[in-house]
Amino acid sequence: MKTFLNSAKVPLIAFVVLWVLGIFVNFSFNSYIQLILIYIMINMILAMSLNLVNGYTGQFSLGHAGFMASGAYTSAYLSTVIPMPAGAMQLPYFFALALAGGLVASVAGLLVGLPSLRLKGDYLAIVTLGFGEIIRVTLLNTDAVGGARGMYGIVGPTDWSLAGIPISRFMGGFTHALIWVLVCFFTIWRIIRSAHGRAFLSVREDEVAAESMGINTTRAKVLAFVLSSFFAGVAGAIFAHYANYLNPSSFTFMRSVDAVIMVVLGGMGSLSGSLLAAIFITVIPEALRPIQELTGYDLRMVIYSLSLVLLMILRPQGLFGKYEITEALPWLQKFFKKSKATATTDGGAS
Amino acid sequence: MSTPLLEARSITMQFGGLKAVDSLQFQIQKGELMGLIGPNGAGKTTVFNMLTGVYQPTQGDVIFDGQSIKGKKPWQVSHLGMTRTFQNIRLFKELSVLENVLVASNQQIEYGFFSPLLKTKKFLDQEVALRKEALELLRIFHLEGKANDEASSLPYGEQRKLEIIRALATKPKLICLDEPAAGMNHNETHALMETIAKIRKDFSLTVLLIEHDMKLVMGICERIVVLDHGVKIEEGTPEKIQASKKVIEAYLGTDEDLQGSSSTTGGH
Amino acid sequence: MADFLQHVINGISLGSIYALIALGYTMVYGILQFINFAHSDVYMVGAFIAYFVARAVGMTESPGIETLVILLGASMVGCALLGVAIERLAYRPLRKAPKINILITAIGMSLFLEYFGQVVFGADPKVFPSVLQDSVLFQMGTVPLKSLDIAVLGVTLVMMFALNFLIYHTKIGRAMRAVSTNMNVASLMGVNNDFIISFTFFVGSALAGAGSVLVGMKYPKIDPLMGMMIGLKAFVAAVLGGIGNIQGAVLGGLIMGLSEEMVVGYFSSTYRDALAFGILIVILIFRPAGLLGKYTVEKV
């Protein structure tokens, strides 16, 4: 128990600080901004989880959308079978649904990963793309979850009151999402700074050498993949219950590409980079909307894709490369303890 | 005669039509320091790859410490106690010196998946212990000052040393060194000879060595196996090898070859 | 039986088109070991080039051999130049970068062409000009051999023959083979790698252009996203045959075309697209080198 409390210290502080921020957003901004914030958090989870596979383990997966879809539809379907409780019980309810979604997605990750992870580079990318599409096409043809029409009226957090204090649906959704963002962040952060994480990194660096030094590289790759798809499923579940509508067209190859772009933009191997990139990628298209109104053309995707090409040519390491923000901007280290992913002599920090 | 630590039983490696190694048979006793030499392309690294599970022999078997290696993957072979270094250094370039060593000691960890997440005492204690051991290894080789440096930033000689240290971190019984002296000058080679002798003593190791530097080989190897075109052509003590006509021919060619070449170089 | 033959003819026709596009993927992979995601969008641009050229010279309603040749020429030249430009501007700067960077650039380039195409050409489909009179040239028993199918086969055979001659009987073809085997050694032997790589893109893209005219001829609705599905299928064809292998691309294309026809004809048309993914996954899991390819073992 003692160790649990000790290890929960930093995450809990982070939760409280960010949650207070959420309360601020709740009262200061309209529902459009609030929606954007929730989407940012969903994208953060997607980016961090994909970073685990693409960035830390060096495997190029292009099928993340498929796992997100698995989690989204699982959670949504379960919510039609298990009715939503009222009030304060909503949070554990949605949390449990997201957990279920994540577990189903991780099983999908296992099934996809086991045969595919023997392949290298381009081949792995194509196979994961293919599996992602197969998942989507399967959902498209499954009438029990709405097929091509999609699934309507999925329950989501509602407004309720706690002893007279009104709690908006945004606060419910935000709290849920925040918990998962932190769980995802700290899980990946701590795993990377352990022997398991070192195994991932060694696979990325030199798989042959890693195997010769006793690393079960297949197990490492599959573990990274399964963990990654778990969180993708969770992100999908959060999405399902806040958007209240699901359609397979939300989970196309483009969605996987979005996730890859976030990882690359933030820096492959940088969790803080993924967080920042998620903010950019969610906000920029919305910020560019006025251009669409102005010119009458939807140039956003044109700008988006062109920026991708330029990013790769001019700054391929993205924002922070393989470092965390505290290394890229050393003056921030005053606020945070040492955070390098590469093990240092003082060990086990944060 | 006691059971050898490593026995290659008539191993053959065939790539399509090419027999890279043909029916190779040899043994290494525990504690021995053995050399594997031969002209370039003789198949020496291929042999290493077969011994460590990187290649599966097309025929034959490798028995290590009483167990067959057949079908085992390199990480399983490593867990059994056989480790290696690489001819072209294969360090984890972007990881730190310390981390390169820590990866190799993954075999020793006893915590599961959730321990790091909850930062249990077991996890924290083991991490501290592992780091201590890794730093100790680095200290023996005078690299502890560079523990946090990126592995690729090390000068060539130190990178080679790091590869050996990393292999040692797997707590092996047998270490296969693939051309550890490549690119080294006279002094460095001499230091390497001392290092190899030292680790063999301090870590109770058996050593198998591929090398081209004859001074090194003849200087420290107790027994030598000579390979040419995938076939063992000679085996014995350094003296026997140095005196062997077969070995000289394999490296320098026969009398006819020598005559032919001297006429084209036009004398001198 | 007549039905079956009809399906075979359709399959070969479709497969020829897949082969033409697959060749572009396979040639670029053979030489640079990278999947040019933007290839299918270059193909799409080719269709639009032909469309606009036909409108410009007033040939939208005059089917005939002349039209076929002119449109083929316009599309092939346009695609070839576009392919070379993309290589020069987006891929060449990344020649030495890690593979994932160039892959992402290719994806970005592909998206750019699709979305820019939607802005410039308009997202709604256009009607491709009439290329050939759709008539029955002769009968094989009860099975009609239509002019369009004959044309597809004819053009494809001409292209294949020309490509084969280029690669195996010319100096530049020898240089291409050298570069795809070992780029560094080829340059030591005096081959200008940059030129050969550009040339490979030139030829591969030109073939895609030819494919787009043939597709426009048979299925006259064109739109900026038309490259996606066919690009995927052609890519699977290249992988099926053994990516990097010229004969493999042709073989793969024919197999893809025939199997797609058979599935649609005898099974269900809803699975027409899923078939491609299925084949892809089966091949990559059981025989990643493809039918005619070789899986190279990494030297340790």
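What share of the contacts in chain C with a separation of 6 or more comes from residues 24 or more positions apart? The share is 78%, a contact being two residues whose C-beta atoms, placed from the backbone, lie within 7 Å.

This is a predicted model: local features need pLDDT of at least 70, side-chain atom pairs count only at pLDDT 80 or more, and totals for chains, interfaces and linings use all residues. Residues are numbered from 1 along each chain as its sequence is written, while chains are lettered from A and ligands numbered from 1 in the order in which they are written.

**View 1. Chain C as a whole.** Chain C has 11 helices and four strands (DSSP runs numbered from the N terminus: helices are H or I, at least four residues; strands are E, at least two). Its C-alpha atoms fill a box of roughly 60 × 45 × 35 Å along the principal axes.

**View 2. Where chain B meets chain A.** Here 40 residues of chain B are in contact with 33 residues of chain A. On the chain B side, α5(B) gives the most, with seven residues.

**View 3. The open sheet of chain B.** Six strands line up as β6-β7-β8-β3-β9-β10, with mixed pairing (a pair needs at least two DSSP bridges). β6 (82-84) and β10 (231-236) of chain B each have a single partner strand, so one side of each lacks a neighbour in the sheet.

**View 4. β3 beside β9 in chain B.** Strand β3 (residues 33-37) and strand β9 (residues 223-228) of chain B pair in the parallel sense over four bridges. Met34(B) sits opposite Arg223(B) in β9(B).
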